[in-house]
Amino acid sequence: MTTVEKQFPSDFLWGTATSSYQIEGAVHEDGRGESIWDRFSHTPGKTKFGQTGDIACDHYHRYPEDLDLMRELGLASYRFSIAWPRIFPEGKGKINQAGLDFYKRIIEGLHQRQLTPMATLYHWDLPQALQDAGGWMNRDTALRFAEYAEAMYRQLGASVPFWITHNEPWVAAFVGHLQGRHAPGIKDLPSAVKASHHLLYSHGLATQLFRDHKVAGQIGITLNLTPAYPTHDTPEDHAAAWRNDGYGNRWFLDPIFRGSYPADIVEWFAQHHQLEMDYVQAGDLAVIQQPIDFLGINYYFPNRISAADERKFLALTNSPAIGETSFRGWEVVPAAFADLLKRVQRDYGDTPIYITENGSAFADLKRAEDGSVNDGDRLSYLHTHLEAVADAIEAGVPVKGYYAWSMLDNYEWAEGYDERFGIIEVDFATQKRTPKRTARWYQQIVANNGLPSLPSELEALANRYRNCPIGPQE
Ligand code: FCB
């Protein structure tokens, strides 16, 4: 019998997460319109090796097999996203029935397998037609989003218990409009800040409509939260880390939970970038501050920030790492995850939390005898991060569920297909799916509703993860 070291609450929801553009493929099928990611990925030089999501995991055709795999792993829930351009190819107007039917099939397939659907309305694939009219820099896009959300509540509201308005608006706004590494590939701070406001405003509008229509389920938003730690224990580094936190975390948490943008960052934008947010209209923040039923948190790594390298303030990178790193140099620090969860409750209250993404990419070179990926590093990442979740729950943080990122190896945006986050391997030449060792480990965790003791050969690595400090170094 397995010894279970840490038990989770009996109603804890276990799942995996994906997003439409990263797995579906079938970009021209059944009347789907062009999205900003089709345009971006087909623009030379924008993505690694020019790779696109044209085929991805071909999930559009292979979804029954994928849902079967979730069932086989014993999962209780699945977080997926709806591609807005499948529903409204031009971003608005008349529903494209064939596109909607795909999601009806997914939802029905989930229910048949006793899996609870969690649907994200926006995971970055904006209809290109709306981008042509200014995208998230145009307030009108928020109104179109609200219409799209309303249509989805009407069509799918009865069968989807969990709704997420946006996935990681920080990334959509700042990676898409300041860093330019994501679609639509703009590099301009004022545009990024404006986009962030309209994304938040659209979240508020969609949440209001959810209440107006008395949709049966729950609604929330998913933020990528990145704890920021000072590199050195100096007042300057502490101030820089707080600013980084303001820009990456409080910029979204404060409007949602407190109805205001963080004053220090508004001032910093004004002073250093002559940025005025004159497009914020009276009443917008009250709309954004609609009560949500849950907060989705995506956590991958912390930032280490030093004043000497203030460029990081806008780049939100995470170097230099003290501890182990995963594929993209993302530092593996489970203690930062526990710290973050406790902080969110301390500063923003008792709103239930779902971990809507957490995971890691590794090179996946090691194979077991049966040919499956022997990904001890990913397994240890998953395990030690679930220890962090258990620690937070023990401390009283209301974490209600966990979705591993990702169900499948998939199209990792500008990084293409090299970065493998899946707990299930996808051979992109044949589309063959093979559960990695991590998937089998996760299956055991789910079956036990708790963490069994780690295989002894992984203890040393897990301890390096566990012992990585979060505080400043001397
Ligand atoms: C998050 C995204 C998700 C995936 C992971 C690795 O920022 O929400 O789509 O790319 O990172």
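How many aromatic pairs does a search of the whole structure find?

1. The search finds 43 aromatic pairs. One of them joins Phe102 and Tyr103 in an edge-to-face arrangement, with 4.9 Å centre to centre and 70 degrees between the planes. Phe102 and Tyr103 are both buried. Note that this is a predicted model.

2. Tyr300 and Phe421 also pair edge-to-face. Tyr300 lies in the loop between β8 (294-299) and β9 (303-305), and Phe421 in the loop between β11 (399-405) and β12 (424-427), so the pair ties together parts 121 residues apart in sequence. Both residues, Tyr300 and Phe421, are buried.

3. One aromatic cluster is made up of Tyr21, Trp37, Phe40, Trp124, Tyr411, Trp413, Tyr417 and Phe428. Trp124 and Trp413 are also among the residues surrounding the ligand.

4. Now the ligand. Its surroundings include Gln22, His123, Asn298, Tyr300, Glu357, Trp405, Glu412 and Phe421. By class, the shell has five nonpolar, four polar and three charged residues.

5. For Glu168 the distance is 2.5 Å. For Asn167, an N or O atom of the side chain is 2.9 Å from a ligand oxygen. For Trp413 the distance is 3.0 Å. On its own, the ligand has 300 Å² of accessible area, and the protein covers 94% of this.

6. Two arginines sit over aromatic rings. The charged end of Arg139 is over the ring of Tyr201, 4.3 Å from its centre. Arg250 lies over the face of Trp242, 3.6 Å from the ring centre.

Key: Residues numbered from 1 in each chain as written. Predicted model: local features only at pLDDT ≥ 70, side-chain atom pairs only at ≥ 80, totals over all residues. Heavy atoms only, no water. Near = heavy atom within 4 Å. Polar contact = N/O pair within 3.5 Å; in protein donor to acceptor, adjacent residues only side chain to side chain. Areas by Shrake-Rupley, 256 points an atom, 1.4 Å probe, with all protein chains shown as cover. Nonpolar A, V, L, I, M, F, W, Y, C, P; charged D, E, K, R; others polar. Phe/Tyr/Trp six-rings, centres within 6.5 Å; stacked < 30°, edge-to-face > 60°. Buried < 20%, exposed > 50% of the residue type's maximum accessible area, 1.4 Å probe, protein only. Helix = DSSP H or I, 4+ residues; strand = E, 2+ residues; numbered from the N terminus. Lys NZ or Arg CZ within 6 Å of the ring centre and 35° of its normal.
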